[in-house]
Amino acid sequence: MAISAAQVKQLRDQTGAGMMECKNALTEANGDFEQANTILRKRGLASAAKKAGRTANEGLIANTVAADHAWGILAEVNCESDFVARTPDFVQLMAQILTEIEKAGDAANDAWLKDPQGPVIQHVAPVIAKLGENMGVPRLVRYAGKGYVGQYIHLGGKIAVMVELAGVTPAVSGRDEFTALVKEISMQIAAASPSYATREEVPADLLEKEKAIYRAQMENSGKPANVLEKIIEGKLGSFYKQTVLPDQESIRDTTGKTIVKDVLAAANKTLGASVSVTRFVRLKVGEAAQ
């Protein structure tokens, strides 16, 4: 199939590889972007993480959390310009959307959000008419009933993190050391953008795909199979450091010697508790839903 210049540019934005390498990979993959990305990685021409290719919508992340931290809500509200995102009408719209999500509770899902007759669309439509910009609410995240919910808002609402923690008793939640821990973990997620709360959450097929890429990179190395497997395990360690929260290097420690698992362990020792992160989400304005 013919590969367009736009396709080549999109793959280059995603991988950082050269134009010709991207075109060749897309041709080999018959235009399949995921397969082309894998081909480039096997050749050592692309990194695991996409470097670009995100949408560039404006807007803010609306947020609210219960006073007792039993639940929390994040919702991305988009518009066309940052100017409109700072107007009183837009700020009021965000508050109305959060109220509707809170009222809907468990019913607030993707279908509910996009229902043309639903409450969110009914709130958005008149603000579009008044301010003259297209608007939308592409996604929401609601945590409730499974632990302590904390939030962190960065860049004036452009990036928002919500984290849920288990093992938090009323005595623990009232301590300054715990509040500091929640903020540090949330800032870690905002800055380092991990994908998983534990190694066990990483899908088995993703691990096998990573291993296959590492093997392909070393297939002509001449090293014995047992040596190759040890190298692959070492590379998986680097993969975990990028994607799994407890394995990440703490952003607080510039030496790189402290990982998030150490931060949690030290806090638990101080608190006399067994606090752990059960789930989290990081939303960035204009970024496609993960």
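Trainee: Why does Asn30 count as exposed?
Mentor: The model is a predicted one, and the value is computed from it. The relative accessibility of Asn30 is 54%. Exposed means over 50%, so Asn30 counts as exposed. Asn30 is found in the loop between α2 and α3.

Trainee: What makes the phi of Asn30 worth noting?
Mentor: Phi of Asn30 is near 55°, which is a positive value in a residue other than glycine. Most residues other than glycine have a negative phi.

Trainee: Which loop holds Leu155, and why is Leu155 called exposed?
Mentor: Leu155 is found in the loop between β4 and β5. Its relative accessible area is 54%, and the cut-off for exposed is over 50%; therefore Leu155 is exposed. Phi of Leu155 is near 55°, again a positive value in a residue other than glycine.

Trainee: Is Glu164 buried or exposed, and how do you know?
Mentor: Glu164 has a relative accessible area of 2%. Buried means under 20%, so Glu164 is buried. Glu164 lies in strand β5.

Trainee: Which residues does Glu164 touch, not counting residues up to four places away in sequence?
Mentor: Glu164 touches Tyr143, Lys146, Gly147, Tyr148, Ser276, Val277, Thr278 and Arg279. The word rests on heavy atoms within 4.5 Å.

Trainee: What makes a group of residues a nonpolar core, and which residues touch the most other members in the largest one?
Mentor: The members must be buried residues of the nonpolar kinds, joined through side-chain atoms within 4.5 Å. The largest such core has 24 residues, and Val163 and Ile185 touch the most other members. At least two residues each come from β4 (148-154), β5 (159-166), α9 (176-192), α12 (260-271) and β6 (276-284). The element that gives the most is α9, with six residues. In soluble globular proteins, nonpolar side chains tend to be buried together.

Trainee: What is Ile185 in contact with, leaving aside its neighbours within four places in sequence?
Mentor: Ile185 is in contact with Val163, Leu245, Val260, Leu264 and Val277. Apart from this core lies another, of 23 residues, among them Leu60, Ile73, Phe90 and Val120.

Trainee: Which residues of helix α3 are buried, and what covers them?
Mentor: In α3 (residues 33-42), the residues Ala36, Asn37, Thr38, Ile39, Leu40 and Arg41 are buried. Their cover includes α1 (5-15), α2 (19-28) and α10 (204-217).

Trainee: How do you know that Asp32 and Glu34 make a polar contact at the start of α3?
Mentor: A side-chain oxygen of Asp32 reaches to within 3.0 Å of the backbone nitrogen of Glu34. The cut-off for a polar contact is 3.5 Å, so this pair at the start of α3 falls inside the limit. Just after α3, Gly44 takes a positive phi of about 75°.

Trainee: How many helices and strands does the protein have, and what share of its residues count as buried?
Mentor: There are twelve helices and six strands. Of the 290 residues, 42% count as buried. The accessible surface comes to about 15200 Å², and 53% of that belongs to carbon and sulfur atoms.

Trainee: How far apart are the mean positions of the positive and negative charges?
Mentor: The mean positions of the 34 positive and 34 negative charges are 5 Å apart.

Notes. Residues numbered from 1 in each chain as written. Predicted model: local features only at pLDDT ≥ 70, side-chain atom pairs only at ≥ 80, totals over all residues. Heavy atoms only, no water. Helix = DSSP H or I, 4+ residues; strand = E, 2+ residues; numbered from the N terminus. Buried < 20%, exposed > 50% of the residue type's maximum accessible area, 1.4 Å probe, protein only. Areas by Shrake-Rupley, 256 points an atom, 1.4 Å probe, with all protein chains shown as cover. Lys, Arg positive; Asp, Glu negative; His and termini not counted. Charge placed at Lys NZ, Arg CZ, Asp CG, Glu CD. Polar contact = N/O pair within 3.5 Å; in protein donor to acceptor, adjacent residues only side chain to side chain.
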